[in-house]
Amino acid sequence: MQPTVLILGYGRVGRTAAEICRSAGISFGVIELDIDRVRLAQREGAQAQYGDGADPSVVERALSPSTQVILTSIPDTAANAALARRFAPRPNVRIIARASRVRDIRTLLQAGAVRALVPEAEGALGFAEAVLAQLGVEAPRILSLIEKQRDVITNQR
């Protein structure tokens, strides 16, 4: 596996990120603990392997010199923080991590993730964006409002 992005978990979050990487022409690999999801990822053209993405030794074996981003979409903040602490010191690898709750974002950032996101909060921002667009709010204003709210979410304790 020689991925630019290594996606840990191929559930709704990981699968969506994989599809966008594919559409953007970015190579990616997947580590997934559910064998049915591994097979699904492979059918969808992903370089997928069975394994526990929360296990640093499994992640270590899947990394290549071309890996620039580890996206951990595992719904376990503690596991994601441990992965961030382990891999963030590498100069060419950035960690983007899933937070289970808004209050976990700070923990993940302090552990070394460059970004930490709560899927439900990001979904809420998407809903707000759709509402504003339907009401005729101009795109630059929408982006400004969404980014302002994302900053509020990110900086909550």
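Which residue forms a salt bridge with R15, and how far apart are the closest N and O atoms? The partner is E44, and the closest N and O atoms are 2.2 Å apart. A salt bridge here is a side-chain nitrogen of Lys or Arg within 4 Å of a carboxyl oxygen of Asp or Glu. This pair ties together distant parts of the chain: R15 sits in helix α1 (residues 12-24), while E44 lies in the loop between α2 (35-43) and β3, 29 residues apart. R15 is partly exposed at 37% relative accessible area, and E44 is partly exposed too, at 25%. For those labels, buried is under 20% relative accessible area, exposed is over 50%, and partly exposed is in between (1.4 Å probe, protein chains only).

Before going further, keep in mind that this is a predicted model, where local features need pLDDT of at least 70 and side-chain atom pairs count only at pLDDT 80 or more, while totals for chains, interfaces and linings use all residues. Residues are numbered from 1 along each chain as its sequence is written, and side-chain values use heavy atoms, with hydrogens and water left out.

**The other salt bridges**

By the salt-bridge rule the count comes to eight. Three of them, including the R15 pair, are set out here.

| Pair | N to O distance | Relative accessible area |
|---|---|---|
| R15 and E44 | 2.2 Å | R15 37%, E44 25% |
| R39 and D36 | 3.6 Å | R39 44%, D36 53% |
| R101 and D104 | 3.1 Å | R101 41%, D104 7% |

R39 and D36 are three residues apart in helix α2, so about one helical turn separates them. In general, an α-helix has 3.6 residues a turn, so residues three or four places apart point the same way. R39 counts as partly exposed, whereas D36 is exposed.

**The overall fold**

Zooming out, the protein chain has seven helices and six strands. Helices (H or I, at least four residues) and strands (E, at least two) are DSSP runs, numbered from the N terminus. Read from that end, the elements run β-α-β-α-β-α-β-α-β-α-β-α-α. The radius of gyration, taken over C-alpha atoms, is 16 Å, close to the 15 Å that the globule rule (2.2 Å times the number of residues to the power 0.38) gives for 157 residues, so the chain is as compact as a globular protein of that length. Its C-alpha trace spans about 45 × 35 × 25 Å along the principal axes.

Of the 157 residues, 38% count as buried. Among contacts (heavy atoms within 4.5 Å) with a separation of 6 or more, 51% are between residues 24 or more positions apart.

Just after α6, G136 takes a positive phi of about 85 degrees.

**On the surface**

The accessible surface (Shrake-Rupley method, 1.4 Å probe) comes to about 8700 Å², and carbon and sulfur atoms hold 54% of that. Y50, found in strand β3 (residues 47-50), counts as exposed at 52% relative accessibility.
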